[in-house]
Amino acid sequence: MSRAWTTFALWGVFLAVLTAVTTPFGADVYTWGQLAISAAFILALALVVFAYGRRAERVPGQRVRTRTDLSYPSMLLGVGLAALALGAELGLWLVLIGAGACVLAVGGLVREWRAERHAAEEL
Amino acid sequence: MIDTRQNYDDLFSVYWPIMLGVLVVIWVLTIVFVIRYRAGADRPLRRASESKLEYVYAGSLACVAVALLVITFNAMSDDPADSHPATLAGAKLPAGAQPVQIKTTAAKWKWRFDYPDYGIAQTAVGRAPARLVVPAGVPVQFEQTSIDVIHAFWIPEMRFKKDAFPGRVHRFVLEFPKPGILSGGKCAEYCGLDHSYMTFTVRVMEPGEFRAWAEANRGKRQ
Amino acid sequence: MTTRTASAPRRRTGPIEAFAGTDHKRIGLAAGGVGFAFFLLAGLLAMLMRAELAGPGMQVVSENTYNQVFTIHGSTMFYLFATPASLAIGIYLVPLQIGATGIQWPRAALTGVWMLIAGGLIMWGGFLTSSGAAAGGWTAFDPLSDTPSSPGPGMDYWIIGVVLSAVAATVWAWCLLATIVRRRTPGMTLLRMPLLSWGVLVACLMVVASFPALILAMVLLYIDRHLGGVFNPPDGALAYQHLFWFYGHPVVYVVFFPWVGAVAETVATFSGTRFFGYRLTVLSLLAFAALSMSVWGHHMFTEDAVANRYFSLTSTALLVPAGIEYFGLLGTMFRGRIRLAAPMLFALGFVLLFLIGGLTGIFVGSPELDYHVHDSYFIVAHFHYTLFGGTVFGMFAAIYLWFPKVTGRLLGETLARWHFALMFVGALLAFVPMFFLGHEGMPRRVANYTDPGNWETLNIVASIGGYVIFVSIVLFLVNVFRSLRTGRPAGPDPWQGQTLEWAAPSPPPRGNFTGPLPPVRSYAPLLDLREEAAAR
């Protein structure tokens with residue numbers, strides 16, 4: 001994990017080089033702009049991975065991971081988001097149903113996270 | 001003046017043998033390896049990496065890419081039909097040239113060709129192809145646009161295609177080498193229901209014959 | 001950092017549980033299964049298209065219906081099949097290959113599965129409306145996709161379906177990137193990661209960098225359709241294409257890289273040696289992916305709008321990393337000990353057929369050549385060799401390779417050989433004629449053609465090829481159903497695999513591994529162990 005950031009950084013550098021190469025060709029703003037944004041984004045991601053790696057190294061030790069086997073709230077969230085999106089087309093009623101489903105789903109997810117943490121503490 | 005078909009054929013004559021050659025080499029190598037290196041034989045294992053060979057190979061690939069780019073860029077540089085936003089096709093014409101002007105308008109699902117010098121407008125009737133009439137051997141300057149969605153002006157026999165965009169004017173210059181009929185004109189950008197029927201034919205006439213035709217049809221709009 | 005996983009004992013799996021599990025294997029199978037189902041549906045649409053195009057005139061459907069059919073065929077293949085499947089294989093296999101017990105953020109991934117299902121249903125729901133499904137092509141260029149030219153809700157459903165599936169893919173990509181960053185077992189440096197996982201890694205990098213452009217384009221298109229004012233002349237249509245193709249080119253590599261990784265592992269396994277030139281291949285994967293982010297303007301060569309020379313440069317440069325990958329594949333086979341089991345047959349099919357797509361891709365990277373063949377059947381042939389020869393053959397290589405791991409049973413070899421032979425011949429019959437059709441002047445996305453000459457013959461051959469492919473896939477499905485019930489049991493490692501997943505039971509339990517992992521000292525840890533044992 002400590003060296004994963006170098007892969008992201010290398011890829012970001014590739015993208016930056018490809019952005020720079022547009023210059024002698026007189027590329028339009030959509031061309032170099034999208035390349036520049038993607039290069040910057042990936043380099044920022046590399047920075048985040050680097051920082052995370054440094055932080056994680058300072059916290060060694062065993063970690064118990066507990067997981068619920070099934071997660072119906074996750075299912076509901078996916079369907080709720082889809083209903084929200086489809087509601088843009090079919091009407092406010094569906095948007096509201098979707099929003100309600102999402103709220104319920106998030107509530108369920110919070111319960112799952114709490115239950116998992118509880119189980120981890122007991123182990 | 002660029003003969004677009006000749007330009008294409010010249011490039012093709014380099015690209016095609018290279019592509020075919022690579023295809024044959026890799027297919028043959030693959031089949032030979034599968035036959036020769038079957039399991040069961042007692043054979044020393046090869047190394048998992050040969051750095052020098054790999055980098056030499058990568059270098060040769062880069063050389064091939066450079067060679068292809070050189071001939072590609074060369075083919076583009078003299079072609080007035082190949083525009084860059086910074087260059088207008090008209091700037092590439094020889095001094096004193098008086099190209100025939102044609103305005104091409106694309107719409108769902110017909111082509112319309114206007115000859116501003118003669119007041120002629122031609123379009124298709126029903127699903128029949130529209131008729132484009134041009135002189136042979138002299139530059140013909142097109143100004144092309146669309147009044148609704150994106151279309152594309154394609155004359156396969158000329159190996160040439162240019163999109164027609166709403167709100168934009170594309171200028172290009174073509175020279176049709178020989179008199180005759182080019183029957184394959186098509187719209188090559190999907191534009192909806194009757195995209196398949198948005199066709200045109202090109203009648204290429206001797207310059208004298210073209211002038212006669214233009215004068216005879218002066219002012220005719222159909 | 002070591003991890004222990006505790007969970008409640010697993011209940012028996014019904015259909016709902018199969019799509020509600022947080023185990024990465026179930027999520028991968030759900031996403032992959034949904035994707036494969038859409039592959040079959042899109043394939044049926046292709047059969048309809050080939051039936052129509054076999055002769056001039058409209059014999060089977062109307063022009064309007066045909067336009068919907070090719071739109072939903074391409075859209076389903078890209079948004080609902082290829083992208084999900086290419087990430088699903090990562091969701092299933094990456095943790096196993098890197099010695100992890102699961103993926104990062106599995107619940108987010110599970111949410112994504114349901115967004116894909118919903119998005120696909122919504123997109124196909126367009127067929128149920130009175131004005132039909134979207135008919136703007138899988139690219140939905142503005143202004144064709146705008147309200148005056150595409151009235152009716154079909155296009156809106158299509159947009160919503162695309163957004164949902166793209167968001168799902170983006171979520172999966174983030175999960176996989178986090179998994180690769182955080183969950184590798186000690187000793188598994190990135191340069192010891194198997195090539196499938198590397199293929200997934202670069203695919204995910206491209207997803208997170210380019211899919212937002214698609215989502216933005218779709219949202220803006222939806223707003224333009226309902227409120228107007230977004231993609232206005234003179235430059236609106238161009239802006240749309242820049243956004244779309246910035247996604248639209250990387251996506252064809254997203255759906256390629258995981259499978260080239262799978263093929264690389266297959267070739268290594270069935271050549272009995274470790275992959276040749278691993279490090280250069282990894283570097284070239286990264287370069288390949290970066291380049292693929294910079295070539296999108298080659299879809300716009302005929303528009304007088306982009307720097308054609310720049311995009312020709314980057315597009316032609318692609319031959320360098322592509323050639324390096326082929327060097328690795330062939331170098332692995334060189335002096336190997338080759339076994340022609342089913343996975344290897346499909347891997348070889350990939351090598352031979354994707355090549356046609358790759359070479360013709362270099363061809364159209366030359367603008368003067370592209371001016372002729374752009375938007376013709378030549379391009380249709382080109383991308384079907386990269387997508388069918390690449391993604392589909394690679395996918396089947398992966399399925400035949402990992403089916404024993406996933407199910408504990410082997411797929412039948414005889415049916416597999418028939419599947420391969422028919423699909424290979426079908427792929428040549430179906431798409432080679434299209435090169436000639438396009439070169440002779442047949443545009444793409446046409447419901448009808450009325451030209452004289454050999455177009456009818458060429459189209460008939462192509463349609464026959466399509467039907468041969470269809471038969472081959474039926475054989476595959478028969479093989480799967482039979483093998484699931486009565487296939488030969490496979491142990492953990494039926495192929496003499498080289499990577500960590502072959503050290504897990506078949507199928508792997510929750511938590512993946514039931515004992516200590518083999519030591520990881522190279523990118524082929526199990527091969528290392530076997531060679532050490534043989535040396536002793």
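How far apart do the C-alpha centres of domain 1 of chain B and domain 2 of chain B lie? They lie 40 Å apart. The model is predicted: local features need pLDDT of at least 70, side-chain atom pairs count only at pLDDT 80 or more, and totals for chains, interfaces and linings use all residues. Residues are numbered from 1 along each chain as its sequence is written, while chains are lettered from A and ligands numbered from 1 in the order in which they are written.

**View 1. The two domains of chain B.** Domain 1 covers 4–77 and domain 2 covers 98–216. These bounds come from an automatic or database domain assignment.

**View 2. Chain A as a whole.** Chain A has four helices and one strand (DSSP runs numbered from the N terminus: helices are H or I, at least four residues; strands are E, at least two). From the N terminus, the order is α-α-β-α-α. The radius of gyration of chain A is 22 Å, well over the 14 Å of the globule rule for 123 residues, so chain A is more spread out than a compact globule. That radius is taken over C-alpha atoms, and the rule is 2.2 Å times the number of residues to the power 0.38. Along the principal axes, the C-alpha atoms of chain A fill a box of roughly 55 × 50 × 15 Å.

**View 3. Helix α3 of chain A.** This helix takes in residues 72–90. Of the 19 residues of α3(A), 14 are buried, so the helix is largely enclosed by the rest of the structure. Buried means 20 or more other C-beta atoms within 10 Å of the residue's own, with C-beta atoms placed from the backbone. A:G91 follows α3(A), with a positive phi near 130°.

**View 4. Where chain A meets chain C.** Here 48 residues of chain A are in contact with 53 residues of chain C (C-beta atoms, placed from the backbone, within 7 Å). The largest share of chain A's side, 11 residues, comes from α3(A). By class, that side has 28 nonpolar, 13 polar and seven charged residues. Nonpolar covers Ala, Val, Leu, Ile, Met, Phe, Trp, Tyr, Cys and Pro; charged covers Asp, Glu, Lys and Arg; the others, Gly among them, are polar.

**View 5. Chain C.** Its secondary structure comes to 18 helices and one strand. Of its 536 residues, 68% count as buried. The C-alpha trace of chain C spans about 70 × 45 × 45 Å along its principal axes.

Definitions and conventions: The expected span of a helix is 1.5 Å times one less than its number of residues. A residue is buried if 20 or more other C-beta atoms lie within 10 Å of its own, exposed if 12 or fewer, and partly exposed in between; C-beta atoms are placed from the backbone. Two residues are in contact if their C-beta atoms, placed from the backbone, lie within 7 Å.
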